[in-house]
Amino acid sequence: MTCYDRRDLGLLLLRLGTGGVLAAHGAQKLFGWFGGHGLEGTGQFMESVGYAPGKASATAAGLAEAGGGTLLALGLATPAAGAAAAGAMAGAAAVHTPNGFFAASGGYEHAASLGLAAAGLAVAGPGRLSLDHALGHTVDRGWMVPAALGATAAVTAVVVGLRNQRLRRQAEGEQESLFDE
C-alpha cells in the first residue's frame, strides 16, 4: 500500500490542470503573456463590457485568476484560491451569458467549467500531494471553505450587479424616443 491513493493523484491532476489554465489566463490579463493584451488592453475591454473602472477590474480579475490558479496548482490556501478563481470565472460567465452556453458561440461554457472546478477544489481540498498538506493545513481549515466561498459570492454578486446596472443605464440612454416631442 502506498502513502498516496487514487484520490490524492486525481486531486493533484485536477489542481494542476485547472490551476495551470487559470494562471495562464490571468497572466494574459496582467502581463500580456500568451497572446494576452495586458492590463491596458484588458482594462479597455473590461470597461467596454461594463466593468468599471476597467484597469482596476482587469487587475482584480488577473490577480484572482493568476494568483488563485497558481495557489490551486500548488495546493496552497486551497479554500481561498478556489473561491477567488471561482469568483473571477463567475464575472467572466456574466459577460458571456447573452451568447448562450457553448463556447463555440461565445457562451459561458469555459468560464463555468473553470469556476466549478475551482469551487469544487475549494470544497474537496487539495489532497495529500499538496503544500497545504505539507504545511499541516494551516491555511486550509474547514471553516475557511464557507468563509472564502461566502465572501467571494457576496463580492461577486455586488460587482456583477453593478456591472448589470451600468449596462442597463447605457441601454436606456441609447434607446430612441418612441414619440417625437
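In which order do the elements of the chain run from the N terminus on? They run α-α-α-α-α-α-α, and the notes below take a friendly walk through them.

1. **What you are looking at.** This is a predicted model, in which local features need pLDDT of at least 70, side-chain atom pairs count only at pLDDT 80 or more, and totals for chains, interfaces and linings use all residues. Residues are numbered from 1 along each chain as its sequence is written, and side-chain values use heavy atoms, with hydrogens and water left out.

2. **The overall picture.** The chain has 7 helices and 0 strands; helices (H or I, at least four residues) and strands (E, at least two) are DSSP runs, numbered from the N terminus. The C-alpha trace spans about 80 × 35 × 30 Å along its principal axes. Of the 181 residues, 37% count as buried. Here buried means under 20% relative accessible area, exposed means over 50%, and partly exposed is in between (1.4 Å probe, protein chains only).

3. **Surface and contacts.** The accessible surface of the chain is about 10,100 Å², and 66% of that belongs to carbon and sulfur atoms. Such areas come from the Shrake-Rupley method with a 1.4 Å probe; for residues, only the protein chains shown count as cover. Among contacts in the chain with a separation of 6 or more, 66% come from residues 24 or more positions apart; a contact means heavy atoms within 4.5 Å.

4. A search of the whole structure finds 4 salt bridges, each being a side-chain nitrogen of Lys or Arg within 4 Å of a carboxyl oxygen of Asp or Glu. As background, side chains of opposite charge can pair when their charged atoms come close. One of the bridges joins Asp 5 and Arg 128, with the closest N and O atoms 3.8 Å apart. That pair links distant parts of the chain: Asp 5 sits in the segment before helix H1 (6-31), and Arg 128 in the loop between helix H5 (109-124) and H6, 123 residues apart. Asp 5 is partly exposed, with a relative accessible area of 37%, and Arg 128 is also partly exposed, at 33% relative accessibility.

5. Asp 8 counts as buried because its relative accessibility is 2%.

6. Shared partners, meanwhile, join Asp 5, Asp 8 and Arg 128 into one network of salt bridges.

7. **A closer look at Glu 65.** Glu 65 counts as buried because its relative accessibility is 1%. Leaving aside residues up to four places away in sequence, Glu 65 touches Leu 22, Ala 23, His 25, Gly 26, Lys 29, Ala 88 and Met 89.

8. **A nonpolar patch.** Leu 71, Leu 74, Leu 131 and Leu 135 make a nonpolar surface patch of about 310 Å². Patches are made of residues with over 30% relative accessible area and no salt bridge, with like charges joined within 9 Å and nonpolar side chains (Val, Leu, Ile, Met, Phe, Trp, Tyr) within 5 Å. Leu 135 lies in the loop between helix H6 (131-134) and helix H7 (144-174), and at 48% relative accessibility Leu 135 counts as partly exposed.

9. **Backbone points to check.** Most residues other than glycine have a negative phi, and most peptide bonds are trans. The peptide bond from Ala 52 to Pro 53 is cis, with omega near -5°, and Pro 53 lies in the loop between helix H2 (38-48) and H3. Ala 77 has a positive phi, near 55°; this residue is in the loop between H3 and helix H4 (78-96) and is buried, with a relative accessible area of 15%. His 137 has a positive phi near 60°, lies in the loop between H6 and H7, and counts as partly exposed at 24% relative accessibility.
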